[in-house]
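Let's take a friendly walk through a protein model together. Have a look at the sequence and the fold before reading on.

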Amino acid sequence: MSMRPIRPLLMAALLLSACGTPMVNPATGRTERLVMDEATEIKEGANSHEEVLKEYGVYADPRLQAYVDGLGQKLAAQSHRATLKWTFTVLDSPEINAFALPGGYVYVTRGIMAYLESEAELAGVMGHEIGHVTARHGAQRATREKTAGIGVMAATVLGAVLEVGGLSGATNLASQVSQTAAAGFIASYSRDQESQADELGAEYLSRNRYDPQNMVDVIRVLKNQEQFAIDAAKAEGKQAPSGSNWLASHPANDKRLAGIKAFAARYKGQEGYADDGRARYLQAIAGMTFGESAEQGFVRGRDFFHEPLGIALTAPQGWKIQNSAEAVVLVNGAGDAALVVRPVPAKAGNTHEEVIRNVLQPVDGRTERRTIHGMPATHFNGTIRNEQGQTRPVALTVVTGPGERNYWLQYAAKNADARKRADAGLKEAESSFRLMSPAERAAARPLKVQTVPYPRGGFTELAKSSALPPAKAEAELKLLNGVYGGGAEPKPGQMVKVVN
């Protein structure tokens, strides 16, 4: 749960003619009619860049930022738009994602970096994104949407935007909230554009003496990541996640993989390629945060700790915790009821009654004064009217926590029967809301990626010293090191990634 506001990256519709202006595409040399010239691309990219930083946050590691920027600048210098002022940023997000904005803004998450194996693989991801910018795919998209009367999406990125709109989203079911947890800033490209970005990425890798085959390796790494999520869900008897990662919007079918391989083969140079930079890469990511950061809060088993806010929660036995940028959700074992907890914006009201009245605009109901671990709270039980004019029951508690900040604890259920069955658990979850103790503050530390020599006991031995959940530690360490699903096992003494 983050205190950063959720902001959709939507530009104002461009006040240009729908037919556009003839311009030469620097990557292809062909003339296209576009509504965005280069100056407009740069301006809109710069404006949207600020929104991205507010939404995700910049990962606070100057050394890693400098490493990624240096690699990106080297790739961009050999691109078809070398004169652009390129900006490369590592975002503080565990999402497996990378994307670009018009005008030379490229982003990778620390989440995707944790699963890559070498500098060349990172170059493959970044080269693809640079290709989207050099081929002016953002301007092409803007032109299509302007012609269709839709307006312009700011981020020319990979997936689909999902958001919860302010506190009104608190009345949604927990499953709806959780579906937004890993959603990135997304706008799908056409298959032709993806193929062109693949081809350009392969070319930019080759120009910098990285083997373009690494682009295929990236797809393999991320396919394994998805398979791990599917296997984990199956083991828990759950539906496989749909995922909102870099691969999700880059369909890795046989035809596309064959295309990447063909692009890679086209750039075989006489001098051969340099090493893949694995040692440099592992050194660069050593100490990088893995999973949630302090600003997002940590899930540790049945506990949730948010050290900056000073609050903690504990899920009832058999319940799960789902943490997203906008809320932390405690979901029951059946998945049909949950407690949704989120900070209340100051503008919603000063008192509990104002918050309830301004946000819910209830039709009727009653309030009850309570205290939760010494903190003042007000419980509301009543009915509200939805956008279609229908009434529905709602139950929630507003509690004032550290720093006089109000929190919204929403009871959510699929139906009345599910709510009745989960009532005891919902009350237990609510009553667990508390100030963090000194011991909990000491425990609320982020996990870190480290590198160690591979032991003779293999991943089984490696898992014993890992901070990952014991039931999944061995499988996740295999995933982290690119051998999940049958990859070649590292040799004893070879440096591998661990999480501590």
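Two parts of the protein are in contact when heavy atoms lie within 4.5 Å. Angles are taken between N-to-C directions of fitted axes and run from 0 to 180 degrees. With that in hand, look at helix α2 (residues 62-77): this helix lies across β3 and β5, running at about 145° to β3.

Keep in mind that this is a predicted model. The protein holds 15 helices and 19 strands, and 53% of its 500 residues are buried. Among the contacts with a separation of 6 or more, 67% are between residues 24 or more positions apart. The accessible surface is about 21800 Å², and carbon and sulfur atoms account for 51% of that area.

In what order do the 3 strands of the open sheet stand? The order is β3-β5-β4, with mixed pairing. Because β3 (87-91) and β4 (98-101) each have a single partner strand, they stand at the edges, and one side of each is left without a neighbour in the sheet. On average, neighbouring strands here are turned by 20° against each other, direction ignored. β4 pairs with strand β5 (residues 105-109) in the antiparallel sense over 4 bridges, and A98 stands opposite V108 in β5.

**A hairpin**

Further along, strands β13 (residues 364-372) and β14 (residues 375-385) run antiparallel and are joined by 9 bridges. Here G365 stands opposite G382 in β14. The hairpin has 2 residues between the strands, and H373 takes a positive phi near 50°.

**Salt bridges**

The count of salt bridges comes to 19.

| Salt bridge | Distance |
|---|---|
| R81 and E41 | 3.3 Å |
| E117 and R278 | 3.3 Å |
| R280 and D275 | 4.0 Å |

R81 sits in the loop between α2 and β3, while E41 belongs to helix α1 (residues 38-56), so their pair ties together parts that are 40 residues apart in sequence. Are these two residues buried or exposed? R81 is buried, with a relative accessible area of 3%, and E41 is buried too, at 1%.

E117 lies in the loop between α3 (110-115) and α4 (119-134) and R278 in helix α10 (residues 278-285), so this pair links parts that are 161 residues apart in sequence. E117 is buried at 11% relative accessible area, and R278 is buried at 19%.

By contrast, R280 counts as partly exposed at 39% relative accessibility, and D275 is partly exposed at 49%. Finally, salt bridges that share partners join E38, E41, R81 and R136 into one network.

Notes
Residues numbered from 1 in each chain as written. Predicted model: local features only at pLDDT ≥ 70, side-chain atom pairs only at ≥ 80, totals over all residues. Heavy atoms only, no water. Buried < 20%, exposed > 50% of the residue type's maximum accessible area, 1.4 Å probe, protein only. Areas by Shrake-Rupley, 256 points an atom, 1.4 Å probe, with all protein chains shown as cover. Pairing = 2+ DSSP bridges. Salt bridge = Lys/Arg side-chain N within 4 Å of Asp/Glu carboxyl O.
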